[in-house]
Amino acid sequence: MRFGWIGVHKEGLPALEALLEARAPLVAALTLKPELAATRSGAVDYRAVCTRAGLPLYEIANVNDESTLQLLRDLKLDVVFVIGWSQILKPATLQAARLGMIGAHASLLPHNRGSAPINWALIRGERMTGNSLMWLAEGVDAGDLIDQTAFCISPYDTCATLYERVAESNRDMLLRLLPALLAGQRPGTPQRHTHQPVLPRRRPADGRVDWRGDAASIYAFVRALTKPYPGAFSWLDNQRWTIWDAALLPGGVDGVGLIATAAPGEILGPVVSPTDAACGQVVACGTGALLLLELQSDDGEVLRGRRLSELPWTGRTWTNE
């Protein structure tokens, strides 16, 4: 058997390392060229891992272009693992491995097919998500299912913590699958058909905060878009700030009636504490309020902790532009 690997996102790194440690017959890995990887959220450098293992690594621009297709054919691969890769594979590329190509999608398919499933699950306030291992096929996330792992979404999770669990499940599911692949088997179950729409792609500009929403929804929005993604953002006094961290205040907390009378986006005042990480600025939302804990301006200035809470921002208002 001859296996190949295609990936650039960090969600695939633990799985690749585990397969190499298990002495899976990997003969080559493909990743994005560094200048392209630098534009992808969550991208990591696979060179160190491949160098340690003596695994040839090829840097490509497009998995579907003729040069990459010829490379895959020349490698004469039985199975290719496509883990942490955003480009959709065209039919000719899918056919470049004898048994097929295996991918992972960070949801419990067929639920949340499409782009950015972890981010959307958080934004929508879902309590459960997971990861699906499947054979890649024509159509968006439509191939036969091989394995699935479910996990809960807690109020403390962010896109980063959930992708850590996705990475762990990629590793565990591929190790479970490895004996069957080595035996030349192709396990899989067709997905059930649903009428759920495919999740739309998210872009950095979609991170604008709408302060008219309820505090719980905005809190989820911040958690969904924080690092390694571009982040939720808003404007204060014509300067754009990215909101990297926030905390949700209890619904019944209203100070001296400030929340009830404040306009959405209005800064109600600082939270101070001997614990630096607990300091920040409270902002009124359409319903409730949010405690901002870490901000970064477009020119790179980072505000957090006591420095953030000491700013004289009370009464100013965040806006949409």
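Modeller: Below we go through a helix, some strands, the pockets and a loop glycine.

Modeller: Before you ask, this is a predicted model, where local features need pLDDT of at least 70 and side-chain atom pairs count only at pLDDT 80 or more, while totals for chains, interfaces and linings use all residues. Residues are numbered from 1 along each chain as its sequence is written, and side-chain values use heavy atoms, with hydrogens and water left out.

Biologist: Which residues of helix α4 are buried?

Modeller: Helices here are DSSP runs of H or I with at least four residues, strands are runs of E with at least two, and both are numbered from the N terminus. Buried means under 20% relative accessible area, exposed over 50% and partly exposed in between, using a 1.4 Å probe and protein chains only. For α4, residues 66–75, that gives T68, L69, L71, L72 and L75.

Biologist: Which elements do the buried residues of α4 pack against?

Modeller: Contact means heavy atoms within 4.5 Å. By that test the partners are β2 (26–32), β3 (57–60), β4 (77–82), α5 (91–94) and β5 (97–105).

Biologist: How many residues of β5 are buried?

Modeller: β5 has paired strands to consider, and two strands pair if DSSP finds at least two bridges between them. β4 runs parallel to β5 with 5 bridges, and β6 runs antiparallel to β5 with 4 bridges. β5 is mostly covered, and the buried count is 8 of its 9 residues.

Biologist: In β6, which residue is the bridge partner of G103?

Modeller: G103 belongs to β5, where it stands opposite V82. In β6, its bridge partner is M134.

Biologist: What space lies in the largest pocket?

Modeller: A pocket, on a 1 Å grid over the protein atoms alone, is an open set of points where a 1.4 Å probe fits, with protein on both sides within 12 Å along at least five of seven lines, and lining residues have an atom within 4 Å of a point. The lining here has 46 residues, with W85, S86, Q87, S115 and A116 nearest the centre. Points are joined across faces, edges and corners, and volume is the space filled by probe spheres set on them. That comes to about 1,400 Å³.

Biologist: Which element gives the most to the lining of the second largest pocket?

Modeller: This pocket has a volume of about 240 Å³, and among its 14 lining residues G125, R127, A216, A220 and R223 lie nearest the centre. α6 and α8 (215–225) each supply at least two lining residues. With 5 residues, the one that gives the most is α8.

Biologist: Does G143 count as buried or exposed?

Modeller: G143 lies in the loop between β6 and β7 (145–152). Leaving aside neighbours within four places in sequence, G143 is in contact with M134, W135, A137 and Q191. Because its relative accessibility is 3%, G143 counts as buried.
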